[in-house]
Each structure stands twice: as C-alpha cells, then as structure tokens.
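Me: I have a model open and want to learn how to read it. Where do I begin?

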Amino acid sequence: MPLSIQAGLWGLLSGSALLLGAGAAWVANIPQRVIAAVMAFGSGVLISALSFELMEEAIQRGGFIATALGFLGGALVYTLANVAVSKAGGKHRKRSGGQQKAPDSDGDNSGGDNGLAIAIGALLDGIPESIVIGVSLIEGGAVSMVAVIAVFLSNVPEGLSSAAGMRKAGKSAAYIFGLWAGIALISGLAAWLGYVVFAGLGDAVVAATQAVAAGAILAMIADTMIPEAFEATHDYAGFITVAGFLAAFTLSKMGG
C-alpha cells in the first residue's frame with residue numbers, strides 16, 4: 001500500500017477517536033468532573049508527544065533555528081486564528097458544561113457559539129496533529145505509533161467534552177456526529193497531505209513543519225484543553241495531566 005494512503009488511514013484512525021468520545025457523551029450522562037479529568041489526561045499526553053516526538057525530531061532534522069522559528073510561528077498562527085474563531089462564536093467548542101448556547105439575539109456571538117465557528121475551530125485544533133502523523137512516515141517509511149496513539153488518546157476527551165457541551169446546549173445527534181465525522185475525514189486528508197506535500201522537501205523544511213505543528217498544539221492545549229480540565233478538577237488537574245504525560249512518555253521510550 002502506498003505510504004500516502006497509509007498516512008491518510010492513520011490520520012483517519014486517530015480522527016475517529018473524536019466520534020468515539022462523542023458517542024460516549026451521547027449514550028451516557030458522564031459527570032462533568034470525569035470529562036474534565038479525561039481532558040487533563042489528554043493534555044498531558046499531547047504535551048509529552050510534542051516534546052519527545054515532534055520537537056526532539058525537529059531539532060535533529062533541521063537544527064535549533066528552524067525548530068525555534070517554526071515553534072513560535074506555529075503558536076502565533078494558532079493564537080491569531082483562535083482569536084478570530086472565538087470572536088466568530090467558536091470560543092466554547094471544547095467546553096462540556098453547556099456553554100455552547102446559541103448566539104445572542106442581536107447577532108453578537110460573544111454570548112454563545114455557532115455551528116460554523118465550532119467546525120472551523122475543531123479543524124484548527126486537529127489539523128496540525130494530523131499533519132504530524134503524515135510527516136512521521138517520511139523517514140523510514142513507518143508511521144510514528146507514539147504520535148498516532150497520542151493523537152487518538154487526546155481526541156477522545158476532545159470529542160467527549162465538546163459533544164457533552166453540544167448536547168447540553170440542545171444540539172441534535174445529526175449535528176454532533178455529522179460534525180465529528182467530517183472532522184475525522186478531514187484529519188485523514190490532512191495526514192495524507194502531510195506526507196504528500198513534505199515527502200520531497202529537505203530536512204529543514206520538515207523540521208520547521210514539525211515545530212510549527214508542535215507550537216500550534218501547545219498553544220491549543222493552553223488555550224482550550226487545560227482551562228476545561230481545570231474548570232471541574234481544580235487542584236487535581238495538575239496530577240492528572242502529569243499522569244497523561246507519563247503515559248505518553250512511556251510509549252515514546254518503549255517505541256524507541
């Protein structure tokens with residue numbers, strides 16, 4: 001099977017975790033505290049993966065300057081895009097407490113979310129992770145299982161938290177599952193593109209791309225995941241995040 005197709009399938013697999021989380025939130029009335037704990041664990045998983053998979057590989061491929069510039073650039077681009085999405089009504093896309101209410105009657109989205117902004121925000125959160133999966137096949141022809149597992153594990157709480165919030169806000173099953181099915185498919189496409197676009201480029205470009213993704217992911221964690229985790233778990237959020245970090249760190253060392 002061509003490596004580009006493999007990349008797409010691995011991206012689709014990791015993206016399918018969004019549907020898994022959404023399904024769990026739909027069929028079961030999961031306490032918000034549990035959802036927040038899972039989100040904290042997922043945050044730790046992603047922090048570990050971007051530290052020991054993305055940044056470490058990036059600096060070995062392209063050196064410090066390309067990695068540092070890519071890292072800061074990815075965080076900046078994500079932050080600016082996230083501000084725009086939040087102003088458009090996607091601010092609470094990962095919240096599980098029913099904050100995803102309808103926009104205000106005067107048209108101001110500051111009081112609630114809208115479907116298009118939620119969808120764009122979900123893409124903004126998920127595409128860097130998926131591109132990383134595709135890029136991981138470039139060297140050696142084998143996907144980074146640590147990256148796939150880390151993205152999969154982090155997508156479960158994202159789907160869980162977002163779907164729980166959408167359900168409390170009165171969104172339909174068709175809306176919720178249609179949204180996440182679409183994001184899962186686009187995740188597969190992004191992983192495919194990650195391989196196809198960057199396979200023929202030099203190490204410095206690939207390193208910068210990995211660093212850009214790492215910066216975007218870390219900014220996303222700080223802006224959207226950790227606040228939701230702390231909302232209900234409070235003093236326990238730190239410990240649970242560390243547990244997630246350790247789980248992914250162990251996978252990384254076992255894979256190495």
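**Confidence and helix packing**

Reply: Begin with confidence, since this is a predicted model. In the chain, helix α1 (residues 3-27) has the highest confidence, at a mean of 90. Confidence is lowest in helix α3 (residues 115-135), at a mean of 75.

Me: What is the mean pLDDT of the chain?

Reply: The mean is 81, and 86% of the residues reach 70 or more. Watch residues 103-112, where the pLDDT is below 50. Beyond near neighbours in sequence, that stretch has 16 contacts in the model.

Me: Next, the elements. How many helices and strands does the chain have?

Reply: Seven helices and zero strands. From the N terminus on, the order is α-α-α-α-α-α-α.

Me: How do I read the packing of two helices?

Reply: Take the axes and their angle. Those of α4 (residues 145-168) and α5 (residues 173-198) come within 10 Å and cross at roughly 155°. Angles over 145 degrees count as roughly antiparallel, so α4 and α5 are roughly antiparallel to each other. The crossing of α4 past α5 is right-handed.

Me: Which residues make the contact?

Reply: From α4, Glu158, Gly159, Ser162, Ala163, Met166 and Arg167. From α5, Tyr175, Ile176, Leu179 and Trp180. By class, the residues of this contact are six nonpolar, two polar and two charged.

Me: And the chain as a whole? What share of its residues is buried?

Reply: Buried residues make up 47% of the 256. Then check sequence separation. Among contacts between residues at least 6 apart in sequence, 83% join residues at least 24 apart.

Technical notes
Residues are numbered from 1 along each chain as its sequence is written. This is a predicted model: local features need pLDDT of at least 70, side-chain atom pairs count only at pLDDT 80 or more; totals for chains, interfaces and linings use all residues. Side-chain values use heavy atoms; hydrogens and water are left out. Axes are lines fitted to C-alpha atoms, for helices over the stretch in contact, and angles run from 0 to 180 degrees between N-to-C directions. Helices (H or I, at least four residues) and strands (E, at least two) are DSSP runs, numbered from the N terminus. Angles under 35 degrees count as roughly parallel, over 145 as roughly antiparallel, 65 to 115 as roughly perpendicular and the rest as oblique. A crossing is left-handed if the near helix is turned anticlockwise from the far one by less than a right angle, and right-handed if clockwise. Contact means heavy atoms within 4.5 Å. Ala, Val, Leu, Ile, Met, Phe, Trp, Tyr, Cys and Pro count as nonpolar, Asp, Glu, Lys and Arg as charged, and the others, Gly among them, as polar. pLDDT is the predictor's confidence in each residue, from 0 to 100. Buried means under 20% relative accessible area, exposed over 50%, partly exposed in between (1.4 Å probe, protein chains only).
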